[in-house]
Amino acid sequence: MGRALLSHFLILSNSSPRLASTLSCSGFPRHFPSSSPLIRRSSRQFRCHCTTVSPPPQPASPETTPPTSVKKRVVSGVQPTGSIHLGNYLGAIKNWISLQDKYEALFFIVDLHAITLPYDPQELLKATRDTAAIYLACGVDPSKASVFVQSHVRAHVELMWLLSAATPIGRLNRMIQFKEKSRKAGDENVGVALLTYPVLMASDILLYQSDFVPVGEDQKQHLELTRDVAGSVNSLYGGRKWKKLGGRGGAIFKVPEPLIPPTGARVMSLTDGLSKMSKSAPSDQSRINLLDPKDVIANKIKRCKTDSFPGMEFDNPERPECNNLLSVYQLISEKTKEECQDMNWGTFKSLLADALIDHLHPIQDRYEAIISDPTYLDEVLEEGATKAAEIADATVSNVKQAMGLLRRR
Ligand code: ATP
Ligand code: MG
């Protein structure tokens, strides 16, 4: 079950051992070499060649089981709430690239999550396309992974409502992200969707009977809730109770495992080594966006927060900025800790800026090619949504049956 690959991540269920080693990812879609102009090809040419058992599309019915795969399944997504930054890349997207080779992968743009705080509809529209283009530019390959927009698959919202009935409100009230974001947004005035966001996220994952969910550390609590909701729906409605209603019995949902990389799972702000780098942080100086031009990257690194200790060192709790920037450098340059420790801040910062520029430049080139071909992007998203809906609709149909909802004739 892909032990070698999984050993690159921390699997955080109680039962699983904590496995860690350096995460190293490579590989970009072969149809977008950075040196050649974009050649438009229908995404139909990029069909999955894995051994997925995909029955022909048919209306979901309780008698059909969700299309299952010989391969284990991974799902993950990023909200189109702004520009994708280094934290999203190192904590999530970069890791997807190696996973898509081994697993059946579904990577989506979680636009319904992006409306949980006040937003500008025009910016959402642009950020949704940009996020999809960045996935592809980073190396997500539509011939290996289904890439789609969350709101294009209706089952996400439908399952969310069904799961809401099995989610205790006390758990939602205790979610760290809800507390932090609602405090910042002015408590009583925040929309209900900010509170129920984790139920939608549970739906995003459980719909696909996912085995693994590669995310940054900030999502650990949401993943724990997802696992608990899956367990409680399975025991409330699954097994013999479901069989009596004509279902197949057994577990309704697979209980997923989070995959959290040992390094890069929590990239910190450039202006405060104790806060997470975030799209929603008000200052753009706090993050490196994947699409930042060279001079902006150089300037942000030049001005980012440092400390007055001599030399560079890892794991000193009094030096969060140093630890953060060294981890970033290690991940993008694949240098070892030892190679950096004798440097001073000045030398290190210029190496870091150069390494970031070199690493991001090919991604930026590919992004430009992809975003300037809207037809190609639309085809990829259309095909991804079609494949995803096939799995998702079957799951919703099973859940409705197990929960005793009358089937439409
Ligand atoms: P927002 O501020 O709008 O919540 P965000 O920057 O937190 O945006 P999300 O879209 O919420 O980004 O998260 C997308 C993915 O990126 C998730 O898997 C999340 O765990 C990961 N991620 C987000 N921020 C970081 C970070 N600073 N370091 C590592 N991973 C991160
Ligand atoms: Mg977030």
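Biologist: At what distance does a polar side-chain atom of T81 lie from an oxygen atom of ligand 1?

Modeller: In this predicted model, that distance is 2.8 Å, which can be read as a polar contact (a pair of N or O atoms within 3.5 Å). N88 likewise places a polar side-chain atom 3.1 Å from an oxygen atom of ligand 1, while an N or O atom in the side chain of S280 is 2.5 Å from an oxygen atom of ligand 1. Taken alone, ligand 1 exposes 600 Å² (Shrake-Rupley, 1.4 Å probe), and the protein buries 98% of that area.

Biologist: How many residues surround ligand 1, and which are the closest?

Modeller: There are 23 residues around ligand 1 (a heavy atom within 4 Å), and H85, K181, D218, K276 and S280 are the closest.

Biologist: Which element gives the most residues to the shell around ligand 1?

Modeller: Helix α2 does, with 4 residues, and both α2 (86-102) and strand β2 (73-78) supply at least two residues each, where helices (H or I, at least four residues) and strands (E, at least two) are DSSP runs.

Biologist: Why is β2 largely enclosed by the rest of the structure?

Modeller: Strand β2 is largely enclosed because 5 of its 6 residues are buried (under 20% relative accessible area). Strand β2 also pairs (at least two DSSP bridges) with β3, residues 104-109, in the parallel sense over 6 bridges, and G77 stands opposite F108 in β3.

Biologist: Which conventions apply here?

Modeller: Residues are numbered from 1 along each chain, with chains lettered from A and ligands numbered from 1 as written. Local features need pLDDT of at least 70, side-chain atom pairs need 80 or more, totals for chains, interfaces and linings use all residues, and side-chain values use heavy atoms, without hydrogens and water.

Conventions
A polar contact is a pair of N or O atoms within 3.5 Å; within protein, one must be able to donate a hydrogen and the other to accept it, and residues adjacent in sequence count only if both atoms are side-chain atoms. Buried means under 20% relative accessible area, exposed over 50%, partly exposed in between (1.4 Å probe, protein chains only).
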